[in-house]
Amino acid sequence: MERFSRRIWLSGLGLAVLVSGAAALGGCEKALYPDGTSRTQYERYQTLRGEYRPPRKMTALGEERPALRERLAPLDQR
């Protein structure tokens, strides 16, 4: 009886490892938030009212950087 329950337990454990490994290797195929779509309802609200602030800006050297100052400033200071 003990040998039978051990075999069931080991096969269940093997199946769990196999399923979790397949899930980890499969992963997501598409980006969670594609560019051009709003991520939150607040971003959509700001877009509809003309107060949208882009998440990135171009520097003088031509590289993209996060626009933290613009996005964190209060809405009345534009």
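Colleague: In what order do the elements of the chain run from the N terminus on?

Modeller: In this predicted model, the chain has three helices and two strands. Reading from the N terminus on, the elements of the chain run in the order α-α-β-β-α.

Colleague: How far from alanine 60 is arginine 7, going by their C-alpha atoms?

Modeller: Arginine 7 is found in helix α1, which covers residues 2-26. Arginine 7 and alanine 60 are 53 residues apart along the chain, and their C-alpha atoms are separated by 66 Å.

Colleague: Does arginine 7 count as buried or exposed, and why?

Modeller: A residue counts as exposed when its relative accessible area is over 50%. Because arginine 7 has a relative accessibility of 54%, arginine 7 counts as exposed.

Colleague: What share of the 78 residues of the chain counts as buried?

Modeller: The chain exposes about 7,600 Å², and carbon and sulfur atoms supply 59% of that area. To count as buried, a residue needs a relative accessible area under 20%, and of the 78 residues of the chain the share that does so is 4%.

Colleague: Why does glutamate 43 count as buried, and which residues does glutamate 43 touch, not counting residues up to four places away in sequence?

Modeller: Glutamate 43 is found in helix α2, which is made of residues 41-48. Because its relative accessibility is 13%, and buried means under 20%, glutamate 43 counts as buried. Not counting residues up to four places away in sequence, glutamate 43 touches Thr37, Ser38, Tyr52 and Arg71.

Colleague: Where is alanine 67, and with which residues is alanine 67 in contact, leaving aside its neighbours within four places in sequence?

Modeller: Alanine 67 has its place in the loop between β2 and α3, the latter being residues 68-72. With a relative accessible area of 4%, alanine 67 is buried. The C-alpha atoms of alanine 67 and serine 20, which are 47 residues apart along the chain, are separated by 38 Å. Leaving aside its neighbours within four places in sequence, alanine 67 is in contact with Pro54, Pro55, Arg56 and Lys57.

Colleague: Which residues does glutamate 63 touch, not counting residues up to four places away in sequence?

Modeller: Glutamate 63 has its place in the loop between β1, residues 56-58, and β2. At 35% relative accessibility, glutamate 63 counts as partly exposed. Not counting residues up to four places away in sequence, glutamate 63 touches Lys57 and Met58.

Colleague: How far apart do the centres of the positive and negative side chains lie?

Modeller: The chain has 14 positive and 9 negative side chains. The centres of these two sets lie apart by 6 Å.

Colleague: Which of the elements of the chain has the highest mean pLDDT?

Modeller: Over the chain the average pLDDT is 82, and 92% of the residues score at least 70. Among the elements, α1 has the lowest mean pLDDT, 80, while the highest mean, 92, belongs to strand β2.

Notes. Residues numbered from 1 in each chain as written. Heavy atoms only, no water. Buried < 20%, exposed > 50% of the residue type's maximum accessible area, 1.4 Å probe, protein only. Areas by Shrake-Rupley, 256 points an atom, 1.4 Å probe, with all protein chains shown as cover. Lys, Arg positive; Asp, Glu negative; His and termini not counted. Charge placed at Lys NZ, Arg CZ, Asp CG, Glu CD. Contact = heavy atoms within 4.5 Å. pLDDT = per-residue confidence, 0-100.
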